[in-house]
Amino acid sequence: MKFYRIYGLSIRHLYLIKGSFPRILDLIYWPTIQIILWGFISQFFTMHSDYYNNTVGVILSCAILYDFLFRSSISFNMLFLEEIWSRNFTNLFVSPLKLSEIITALTSTALLRTLIGIVPAIILMNPLFGVSLLKMGPPLFLLFLSLYLFGTTLGLLVTSGLLRFGPAFENVAWSSLFILAPLGCVYYPLSILPEWLQIFAKSLPLVYLFEEARSILVNNIVNYKNVITALTLNLFYFLGAIIVFYLAFYGARKKGTLVNMGE
Amino acid sequence: MKTNLSNIKKSKYYLDKNECIGIPTETVYGLAGNAYSDTATSKIFKLKKRSKKNPLIVHYHSLEMMKKDCHINSNFIRLFNKFCPGPITFILKLKKDSKISKNVTNKKNTLAVRFPKHYLARTLLKVLKYPLAAPSANISTKISPVSKKDVKEEFGKKIKFVLDGGVSEVGLESTIVNLTNKPEILRLGGIEVSRINKVIKTDLSFKNKKKIIVPGLDKVHYSPGIPVRLNAKKFKSNEAFILIKKRKFSYKNFYYLSKNKNLKEAAKNLYKTLRLIKKKKYKCIAVEKIPNIGLGLTINDRLKRASKKMTIEIKDLSKKYNKVLAVKNINFKIDKGSVVGLLGPNGCGKTTTIGMMLGLIKPSSGNISINGKDIESEKNRTKILEKVNFISPYVELPKKLTVEENLEVYGRLYGVNNLQNKILNLMEDLDLTDFRKRKTGELSSGQKNRVSLAKALINEPEILLLDEPTASLDPDVGDYIRTYIENFASKKGTTILLASHNMNEVERLCSEVMMMKNGKIIDKGTCNALISKHGRKNLEETFLKIVRE
């Protein structure tokens with residue numbers, strides 16, 4: 001891997017953000033709206049729910065964590081879709097870029113895009129609703145890391161589909177995370193799900209992540225077993241997604257879909 | 001030369017530990033490792049970035065030791081008695097119980113053996129309990145080293161030690177004789193074929209083999225990394241000029257192999273001179289005609305291989321999409337610096353062919369070799385693509401990025417040095433300076449096309465693949481682009497494959513044309529040859545005749 005090529009692909013997307021105020025606004029807009037919406041809902045629940053009455057902002061915190069996951073995944077997909085929409089795809093794939101460099105560049109740029117959107121929302125939580133996510137302490141970093149890995153994993157799987165099946169796969173890019181959200185137990189405990197669904201849910205790192213986030217916020221207890229299980233599952237899925245991405249690339253080369261991929 | 005025993009001891013120490021070291025021989029410096037050790041021989045391939053299919057020559061001190069590994073015959077005895085130790089290598093049958101590493105022989109039942117003459121090499125071999133596999137101590141396809149300094153330049157700290165034995169006396173690799181069946185010369189080298197013929201009383205001559213069964217037979221080898229023009233009578237100001245006879249006037253770009261046509265002296269100076277020229281950053285090397293006799297045959301052989309840089313070779317290439325055969329078993333070769341046209345009606349397989357050459361499409365069968373390297377190998381792909389670029393009107397640059405930003409992004413992807421200057425020069429050359437801060441999407445078609453051209457030239461490609469580069473452009477802009485490409489190619493010696501429907505463009509730019517129809521190449525030749533062969537007035541009429549037949 002060469003750093004200059006990773007940097008080259010990264011600045012292609014950073015220039016895109018830098019040169020367009022509406023793009024920056026778009027990145028910040030949705031997480032902020034989410035926070036305001038879920039802020040009021042969680043205030044309502046805090047006042048009327050036994051479960052939440054000890055802790056303000058459990059839902060709000062889970063909402064921001066979920067949004068971080070959603071933004072990391074969408075950012076990764078968006079970076080890839082940008083190349084297809086701008087008909088620049090072929091230029092990239094005939095350059096000396098390696099697949100590993102593409103993955104590294106998109107992963108790091110997606111993180112930056114996500115942070116641009118999510119940091120203002122986190123900052124707004126305190127003055128608006130008196131909730132500070134940072135109070136979760138060091139485990140928060142591990143939760144974010146896990147979510148970021150899972151978001152990137154989904155991004156890799158969706159882009160593999162784009163590579164293999166072309167722009168027609170775009171709709172899946174937008175809906176991918178919504179398919180998993182009910183099983184992820186973002187806003188409710190795992191026990192809410194029917195038992196047979198719990199089996200599937202437990203194979204997702206999201207369950208452990210959000211269970212742990214609630215546990216920290218409600219009981220102020222950190223169970224590192226959950227955090228480690230989530231990280232392990234994430235690493236496993238992430239490596240699997242890299243393999244799928246490579247296979248999709250070779251499949252696309254065989255099928256000829258890399259040539260003139262565009263709108 | 002006196003033997004420095006401490007250096008011999010040091011060499012033995014590293015070799016015993018299965019390390020590779022540089023050793024002097026009378027031909028060129030070798031990268032030596034224990035020939036019985038898989039570890040040491042693997043390291044040789046890795047350091048040299050050498051194909052495992054390319055066997056290694058094993059160096060012995062004595063006949064007794066060699067007999068443990070090979071079967072010998074009467075021709076071998078005669079040649080051994082006459083020329084050994086010296087610059088000659090024999091291919092012999094390997095004994096079944098030989099300890100030679102399988103890496104050395106490429107799992108074949110033959111072995112290349114040599115008895116070096118250099119005093120230090122012999123002293124070292126004498127103290128070892130094993131023979132040394134020692135190919136030339138350079139990265140594969142590059143210029144062979146003839147001094148310790150050359151070896152250091154090639155490998156730096158990657159090898160632990162180089163035994164200094166001064167400058168190699170012969171300066172060219174050994175002559176290789178195959179003695180497994182009927183004797184044959186496999187590589188020209190330090191001993192003239194005529195001398196070998198006298199000893200074994202036969203009339204051997206050298207024919208290039210298609211399969212690499214001994215080292216140094218790659219079509220691209222001994223390359224200084226810049227174009228080499230052979231049999232030159234004149235030279236250009238940006239070229240280094242290699243001479244073999246003293247001229248009345250002298251210029252700073254004159255490099256003498258010999259001043260009185262002494263071929264032995266010329267052979268000794270060849271690699272040293274090529275290395276020196278490479279450092280001076282000339283754009284091309286012109287070489288005066290060298291007599292094709294004696295060692296001159298070897299010098300010319302090396303120069304021919306050095307000159308064959310960045311060629312494209314397509315062998316039996318096919319592509320099948322489901323049941324549709326888009327490209328059917330095509331074969332062609334493009335030499336360095338040629339501009340070749342690929343013509344054919346829509347859907348004839350041109351874009352698929354170019355896609356395969358760029359590594360975008362996986363061929364169903366066949367082989368694409370660029371500069372002797374297979375683009376299908378993931379390892380080669382990146383290296384090849386660093387030297388290649390591509391333009392097509394169907395592929396665009398990011399519209400929301402400015403001209404300058406787009407060029408910066410691609411400059412970085414191609415690892416261009418001194419990028420800012422390169423961008424400024426390209427923008428000036430292509431009249432883009434006034435638009436440098438404008439978004440690419442806001443430009444006119446002609447301006448966008450010039451930006452795409454700048455992107456395609458940012459890495460100074462050695463190979464440029466152009467897919468209808470002037471399609472949909474007005475005649476003025478089209479002409480501008482053609483003229484620019486024409487000048488660039490002639491200045492840089494770029495190899496170009498041009499797919500186009502514009503026959504005037506093809507006639508103007510291309511030295512050769514290939515006609516494609518239904519996935520096959522149905523005819524090829526120069527424009528004039530094709531026009532006259534088909535009895536038409538121009539290329540357009542010729543194209544129509546071929547397509548409608």
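Reply: Let us begin with the boundary between the two chains, bearing in mind that this is a predicted model. Here 29 residues of chain A are in contact with 28 residues of chain B.

Me: Which elements give two or more residues to the side of chain A that touches chain B?

Reply: They are α1 (3-18), α4 (89-93) and α10 (224-255) of chain A. The largest share, nine residues, comes from α1(A). By class, this side of chain A has 12 nonpolar, 10 polar and seven charged residues.

Me: Turning to chain B, how many helices and strands does it have, and what percentage of its residues count as buried?

Reply: Chain B has 19 helices and 22 strands. Of its 549 residues, 49% count as buried. Among the contacts in chain B with a separation of 6 or more, 68% are between residues 24 or more positions apart.

Me: How should I read a sheet, and in what order do the eight strands of the open sheet in chain B stand?

Reply: In general, strands of a sheet pair through backbone hydrogen bonds, either parallel or antiparallel. In chain B, eight strands form an open sheet with mixed pairing, in the order β1-β2-β6-β3-β5-β4-β7-β8. The edges are held by β1 (21-23) and β8 (184-187) of chain B; each has a single partner strand, so one side of each is left without a neighbour in the sheet.

Helix α2 (residues 38-48) of chain B packs on this sheet, where it touches β2 (30-34) and β6 (132-133) of chain B. The direction of α2(B) makes about 155° with that of β2(B).

Me: In which sense do β3 and β5 of chain B pair?

Reply: Strand β3 (residues 57-59) and strand β5 (residues 110-114) of chain B pair in the parallel sense, over three bridges. To locate the pairing in the model, find H59(B), which stands opposite R114(B) in β5(B).

Me: Where might I look for the other sense of pairing, and what lies between β21(B) and β22(B)?

Reply: Strand β21 (residues 512-517) and strand β22 (residues 520-525) of chain B run antiparallel and are joined by five bridges. One bridge partner to locate is K524(B) in β22(B), which is paired with M514(B). The two strands form a hairpin with two residues between them, and N518(B) in the turn has a positive phi of about 50°.

Me: How does one describe two helices that pack together?

Reply: Two packed helices are described by the angle between their axes and the distance between the axes. In chain A, the axes of α6 (residues 139-165) and α9 (residues 205-219) come within 11 Å and cross at roughly 155°. That angle makes α6(A) roughly antiparallel to α9(A), because angles over 145 degrees are classed in this way. The crossing is left-handed.

From α6(A), the residues P139(A), L143(A), S146(A), L147(A) and F150(A) meet P205(A), L206(A), L209(A), E212(A), A213(A) and I216(A) in α9(A). This contact divides into nine nonpolar residues, one polar and one charged.

Me: What angle do α13 and α14 of chain B make, and what is the handedness of their crossing?

Reply: Helix α13 (residues 403-413) and helix α14 (residues 419-429) of chain B pack at about 130°, with their axes 10 Å apart. This angle makes α13(B) oblique to α14(B), and their crossing is right-handed. Here E404(B), L407(B), E408(B), G411(B) and R412(B) in α13(B) meet L419(B), K422(B), I423(B) and L426(B) in α14(B). By class, the contact has four nonpolar, one polar and four charged residues.

Methods: Residues are numbered from 1 along each chain as its sequence is written. Chains are lettered from A and ligands numbered from 1 in the order in which they are written. This is a predicted model: local features need pLDDT of at least 70, side-chain atom pairs count only at pLDDT 80 or more; totals for chains, interfaces and linings use all residues. Two strands pair if DSSP finds at least two bridges between them. Helices (H or I, at least four residues) and strands (E, at least two) are DSSP runs, numbered from the N terminus. Two residues are in contact if their C-beta atoms, placed from the backbone, lie within 7 Å. Axes are lines fitted to C-alpha atoms, for helices over the stretch in contact, and angles run from 0 to 180 degrees between N-to-C directions. Ala, Val, Leu, Ile, Met, Phe, Trp, Tyr, Cys and Pro count as nonpolar, Asp, Glu, Lys and Arg as charged, and the others, Gly among them, as polar. A residue is buried if 20 or more other C-beta atoms lie within 10 Å of its own, exposed if 12 or fewer, and partly exposed in between; C-beta atoms are placed from the backbone. Angles under 35 degrees count as roughly parallel, over 145 as roughly antiparallel, 65 to 115 as roughly perpendicular and the rest as oblique. A crossing is left-handed if the near helix is turned anticlockwise from the far one by less than a right angle, and right-handed if clockwise.
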